[in-house]
Amino acid sequence: MTIGAVALGSAVATAMLGAMLDVGDRVNRELRSLGANLLVIPKSGSLPVEIGGIRYRPAAKDEFIPEALVPKLKSIFWQLNITALSPSLRAQTVLDGREIPVEGVWFLRDMRLPGGASSIQTGMRALNSAWKIEGRWVEDPKPNDGARECVLGAALAKRTGAAPGSGVILFGEPFTVAGILSTGGEQEDRALVRIEVLQRLTHRIGQVDAIEVGALTKPEDAFALKNPRQMTPVEYDRWYCTPYITSIAHQIEEALPMAIARPVRRVADTEGQVLNRVRSLMLLVALAALATAALTVWSVTAATVLDRRYEIAIMQATGAGNWLVAALFGAEVALEGATGGLIGASAGVQLSGWVSQTVFGIRAEASPLLAPMVISIAVLVALAGAAQPLRRALSLDPALTLREGA
Amino acid sequence: MFWRFVLAAVKFRRRRLLLAFLGLAVAATLATTLFSVYSDIDRKMHREFRAYGANLVIAPSGNARSVPLTAVAEADRLGVVSAPFVYTVVAIGNERVVVAGIDFKRAQPLIAHWRTSGAHTAGQGECLAGIAVAQHFHLRLGDRVPLDSGRCTLRGVITTGGEEDNRLIVPFDRAAGEAGFSNAASMIEVRADAERIEDTREALQRAIPQADVRVLHAIAETEANVVLKVRTAVFLLMALILAITTICVTGNFSALVLERSREIGILKAIGAPEARIATLMLSESMILALASAIIGYAIGLVVSYGIGQKIFAGAAGVNFAVFLPVTAVTVFVAAVATLASASRIWRIEPAQILRGE
């Protein structure tokens, strides 16, 4: 009975704590579909004069980020937190008598990581999973794929009457429209091509105008708002080693000295707020679960001891000291608690995996610290539950208890 | 006679009953808190997404360069937040800069993510500068910015990480005048209720057929997705918690019956029918359940109020309507627990029990 109750209690406690830790991380990943939260642009002496992607003053020729350095973003301290990056090159051309912005991008391609044989798949599609395409994307894993293809923004397509499969002339060269992109934003007025194509057409081989970065971050707290330049060395290390949006931006600037990295406040702040709320919500639910679990364990152990007061009386009557009886019961309860806790913790890990699977479609990995923690809590709570009734039973005169039971 | 039995049971078996009562009261408290939080979770999660600003934009369609301001009135009629923006290029000496005109009063909820030093809004003859503009022209708060179309006093410097960083921001009317717009804007941003976003889009599109009303997919999809997932997670976890509470309470209540085999034996020996004994036990449980539901409900309200204040600052998480479900759950659990163990009443042999076996 006790073992069962402890097992049940610890199962729920483990599942909740596991889920609590997991749901925050999962939601953080779901929030990445908001798009880039960091924008990396060349350090510039000039001010961009640009509305809706149309430049009213040509960009300075010497301001760019070399495309070859893009993979360096995945070599910073928080490289694993960078989930997607999307370099782009901008230009404009005339289509149907009107100036339109053209963007050269990585649609979705393998990027070789610096200093290793491994590579990751990234690009504009990886960064903006909420965007919708009618038709298909331009394929660009290999150098010559999709060279004569483009994707048109929905508003632009509507204005020019283009549809997937039709042709348009960009920079005097014919392109096939692979798909029509709807995002709701400025991209709807643009044409997108592979970055190599635009680099060749604009004679800017190997150059990139901006890199959009999606990073998993820790919501900014009071500490994050301190100015890193005024921090003590210890504080600076702590800041540097925390995945705040500002510290990741700082590390990107260290990796690419010719660039500045700006947090996109609209996205970063929304992520922070939502994440904080989700975390506290999960904490609340976990506390409720812990309270229930503790109550179950406590009340069952209390009831068991209450039921066994005759045994206690007999032990006392045959000369056992209070300490001996208490030790005997304590050991028993602790053993039961540990066994129940073990069974429960392993069941709980499965349970939290199931919750994660059901909600997010990915199984959670339980923290290895969770089980020992829950088991020790289970033992402590079981002991606490046993303590009060035990003390009461010990304080009674055995003779009275035994006569009552007769 | 019946009620004397019930009341006497409460009086003489205080310890045991207290345990059962406590268990059930905690269950009711948890149920109240969780129901309160859950019933409100959508609204509260959507609130957090407001930091993002607009989720709909009204943009010029086809070859048009502007959107009529009637769209703002239309958005007001639909009860959604909206603000017009106008963009134009203005000269400062021999340099040029993009000027954004913003109706600060309307746009406030849409630009909450701006980080500003100095003022958040600009009045007549005043302006704000994006951080890149301020750095480029070496502007400080209080400086007179020498726009060719007339100077303005710099009231604030903003950082957003977006295009605003490269712009000078002035009140809407001034920029509209410079762009040559009358009763028109470059675009209009709208923040619609996330649940009714598609309806709002259609209504606006019908009212302003000459413009293009678009849903910002990134925010709309992410918001819907995250809210749904958080709600599902909380629902599953809540169900788990209530399940374990039920098991715990069931144990307590079964013990109430099991412990009293001797009494039941006596009652049977003096000729009480089994159904009547079961009714007796059930009434006892019901009284207990009602009492704990009420106490648990009261405590739960206080707890969820506290949570509302702490977690969802400001919005009280109290929902009085949860009383019925809470009472129903509590009474149901107690009844099931009692009935589950009541089958024993039929199996008890008075002679054996009273002999002490």
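Q: Before that, what should I know about the model and its numbering?
A: This is a predicted model, in which local features need pLDDT of at least 70, side-chain atom pairs count only at pLDDT 80 or more, and totals for chains, interfaces and linings use all residues. Residues are numbered from 1 along each chain as its sequence is written, chains are lettered from A and ligands numbered from 1 in the order in which they are written, and side-chain values use heavy atoms, with hydrogens and water left out.

Q: How many disulfides are there over all chains?
A: The search of the whole structure finds one, a disulfide being a pair of cysteine sulfur atoms within 2.5 Å. B:Cys127 and B:Cys152 form it, with their sulfur atoms 2.2 Å apart.

Q: Which parts of the chain does the pair link?
A: Distant ones: B:Cys127 is in strand β6 (residues 126-130) of chain B and B:Cys152 in strand β8 (residues 152-159) of chain B, 25 residues apart. Strands (E, at least two residues) and helices (H or I, at least four) are DSSP runs, numbered from the N terminus.

Q: And why is the disulfide called right-handed?
A: Because the torsion about the S-S bond of B:Cys127 and B:Cys152 is about 75°.

Q: Are those two cysteines buried or exposed?
A: Both B:Cys127 and B:Cys152 are buried. Buried means under 20% relative accessible area, exposed over 50%, and partly exposed in between (1.4 Å probe, protein chains only).

Q: What about A:Cys150 and A:Cys241 in chain A?
A: A:Cys150 is buried, at a relative accessible area of 0%, whereas A:Cys241 is partly exposed, at 40%.

Q: Back to chain B: why is strand β9 (residues 167-171) regarded as largely enclosed?
A: Because five of the five residues of β9 in chain B are buried.

Q: Which strands pair with β9(B)?
A: Strand β4 (residues 95-102) of chain B runs parallel to β9(B) and is joined to it by five bridges; B:Gly101 has B:Val170 as its bridge partner there. β6(B) pairs with β9(B) in the antiparallel sense over two bridges, and B:Ala129 stands opposite B:Leu168 in β9(B). Pairing requires that DSSP find at least two bridges between the strands.

Q: Changing topic, how is chain A divided?
A: Into domain 1 (2-20 + 272-405) and domain 2 (37-263), with bounds from an automatic or database domain assignment. The centres of the two domains of chain A, taken over C-alpha atoms, are separated by 53 Å.
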